[in-house]
Structure formats: C-alpha cells, structure tokens
Amino acid sequence: APDGGFDTWWPREHMRLATRLAPMPAGQLAQLRRDSTVRIAIAVDDASATLAVRSGEPWIAFLMGSTGPADVRTLVELTSLGAQTLRLEASIPSTPLLLSTEVHVSSRPTLSLRERRGVTPPPTLREMGARSVALSTPLFLTLPKAVMNAPTDADSALAFLAGTMSFSRNVSLPVYWESYGFAASDTVDVRVRVVRDEPSGAARRVGALVGVIRERRDSIAVSWREPDARRGTAVGIASKPVLSRAIQLNVQQLPVGTYRLSLELRRIDGVSAHSEQQFSLRD
C-alpha cells in the first residue's frame, strides 16, 4: 500500500493526458457487509453538470478499483442520459483499494470528470468474529414523491441513495442502515441521535447557560425497543444475522449547519454497536 495508507492516498498524474480532468463532487459512499464481499455503491448528484450535458445527451460513467499499479479493474460501467443522479454499485473483497469514479461525454472529448478516494472496506460477515456485532454507516436517501416511507430493503435503499450529504431542512430525511450479528429475536434498544457538529454549536450552548445568548434546538433523539417487526427486515444471508432498518427524521426545527447522525444498538445483555455519519442542513 502507498505510504500513509489508502485512506490518505490521492495519487497525482505523472503523464500527459489527452483530456483535461475536472473534479467531481464526492457524493455519498455506501458499504454493506455481505457473506464474502462488501456491497458498495456511490451516488453523485449532477455528476455531469460540469460537462454541460444537454437533456437526453448520453454520457458514460465508470467505477474503477485498484490495489496497485498492476491491478486496475473496471468494477462497473454505466451509460446514462442527461443530468441526473449517478449511481454505481459493485461487490468487492474486504481489502483496501483506490476507487475512481469517472464520467466521459463523447461530444466533449477534451474534458472528463473524476473523483478518487481511498477505501478500507469493513470485514465481511464471514470475517467477523462469532460473537461480533456491528452496524453499517447510516445511508441518506432521496425518495420520489410517489414513495412515502423509507425502504427497509437494501436494493430499494441503494436505488434511492442520495448523491449529496447536504439536505434541505424543510423536508423529512430518510435514513437506512443495517445491523450485523444481532438476531431478529434479540431484545435491543435502538437510539438515533442528530447532534450539531460545529464548534459554534458548543459555544452557543455555553453562552445559553450563562444567559449571553438564547438557546436553540440543535439536536434530536429517537429511541425504541425491539423486536418490532414494523421497523426492520431480515436479509437472507446465512453466515450471520443481518437486519435492515429505516427511519424518516423530521429536521425542520434544526438550524442550518453541520450535524452528525449517530446510531446505537444495545442488546439487553449489554453488547452494543455504534456508527455515525456527518451531513449538513440548508434552507
């Protein structure tokens, strides 16, 4: 692996390219554990906007994976039409690799878009210990108006994966996640928290305590106890129990800013798992 590890590796080009490379927004990366692989998906809003793609104009996107100079693979290739959310999905081994999302338009041969990131996938289900438990990171979704409730199955969740981590606070925020190692019959307490993730948020709370400024609501918390068949869906994977869950968060009372969504599952015997994801709210 390159010095510093894959999570900090951002290779530079050392050759003269035929096209100019422009940066593409990072979007959102999803990683879901499966039996012997990790199911990954990348979604990017307006991925082709920099290329000024016209309505109905075709463009092609690639998701490339590499573990070194001698190993560069095309994980998925997709042709799309017009400006829309780009979603690419593949199954990969649980080994560190460099992911490269690339977009090309034949009518603009001198410009291409690319976004690279180093990824260290989580262990697969078979690689987890017999008593181990874990959570996926929360996945933020964008639902069409015809879909009223956040889906609790992975296929639908990835089909609606949001291509940004910035959301309007004027609409509900659908979130999907999975638990690994918790049985469907386990008694577990589920806690979902949204907390302000800015230094100004802490300063505001301190100021409110001493009466300098007025306190604002900048966090929410939701909790419930399971088993609750209304809340989740079992995923048919034999080596370890996998349960999927979804919730729609009402964030209208939260001010604009950066937040952290925190998930925790705690079994009645004290065994717990935690995951979190940063996002931002806008008007």
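Q: What should I know before I start?
A: Residues are numbered from 1 along each chain as its sequence is written. Because this is a predicted model, local features need pLDDT of at least 70 and side-chain atom pairs count only at pLDDT 80 or more, while totals for chains, interfaces and linings use all residues; side-chain values use heavy atoms, with hydrogens and water left out.

Q: How many helices and strands does the chain have?
A: Helices (H or I, at least four residues) and strands (E, at least two) are DSSP runs, numbered from the N terminus. Here the chain has two helices and 18 strands.

Q: How do I read burial, and what share of the residues is buried?
A: Buried means under 20% relative accessible area, exposed means over 50%, and partly exposed lies in between, with a 1.4 Å probe and protein chains only. In this chain of 283 residues, 45% are buried. As for surface, accessible areas come from the Shrake-Rupley method with a 1.4 Å probe, and for residues only the protein chains shown count as cover. The chain exposes about 14,400 Å², and 51% of that comes from carbon and sulfur atoms.

Q: Is Thr 124 buried or exposed?
A: Thr 124 counts as buried because its relative accessibility is 2%. Look for it in the loop between strand 8 (111-119) and strand 9 (134-135). Contact means heavy atoms within 4.5 Å. Not counting residues up to four places away in sequence, Thr 124 touches Arg 34, Asp 35, Ser 36, Thr 37, Val 38 and Ser 94.

Q: Where is Thr 95, and what does it touch?
A: Thr 95 sits in the loop between strand 6 (86-92) and strand 7 (97-104). At 37% relative accessibility, Thr 95 is partly exposed. Leaving aside neighbours within four places in sequence, Thr 95 is in contact with Val 119 and Pro 121. From C-alpha to C-alpha, Thr 95 and Pro 121 are 6.3 Å apart in space, though 26 residues apart in sequence.

Q: What share of the chain's contacts join residues at least 24 apart?
A: Among contacts between residues at least 6 apart in sequence, the share is 73%.

Q: How do I read a sheet, and in what order do the five strands of the open sheet stand?
A: Two strands pair if DSSP finds at least two bridges between them. The five strands are in the order 11-18-17-13-14, with mixed pairing. Strand 11 and strand 14 stand at the edges with a single partner strand each, so one side of each has no neighbour in the sheet. For angles, axes are lines fitted to C-alpha atoms, for helices over the stretch in contact, and angles run from 0 to 180 degrees between N-to-C directions. In this sheet the twist averages 25° from one strand to the next. Strand 17 and strand 18 run antiparallel and are joined by 10 bridges. Ser 262 stands opposite Glu 276 in strand 18.

Q: Which strands form the open sheet of three?
A: That sheet has the order 2-3-6, and its pairing is antiparallel. Its edge strands are strand 2 (28-33) and strand 6, each pairing on one side only. Here the twist averages 15° from one strand to the next. Six bridges join strand 2 to strand 3 (residues 38-44). Leu 29 has Ile 42 in strand 3 as its bridge partner.

Q: How do I find a nonpolar core, and how many residues are in the largest?
A: A nonpolar core is a set of buried Ala, Val, Leu, Ile, Met, Phe, Trp, Tyr and Cys residues joined through side-chain atoms within 4.5 Å. The largest has 27 residues, and those touching the most other members include Phe 140, Trp 177, Val 192 and Phe 279. Apart from this core lies another, of 24 residues, among them Ala 22, Ile 40, Leu 63 and Leu 88.

Q: How do I read aromatic pairs, and how many are there?
A: Rings of Phe, Tyr and Trp (its six-membered ring) pair if their centres lie within 6.5 Å; planes under 30 degrees apart count as stacked, over 60 as edge-to-face and the rest as tilted. A search of the whole structure finds five. Phe 167 and Phe 279 form a tilted pair, 6.5 Å centre to centre with 55° between the planes. Both Phe 167 and Phe 279 are buried. The rings of Tyr 259 and Phe 279 are stacked because their centres are 6.0 Å apart and their planes are at 25°. Phe 140, Phe 167, Tyr 259 and Phe 279 form one aromatic cluster.
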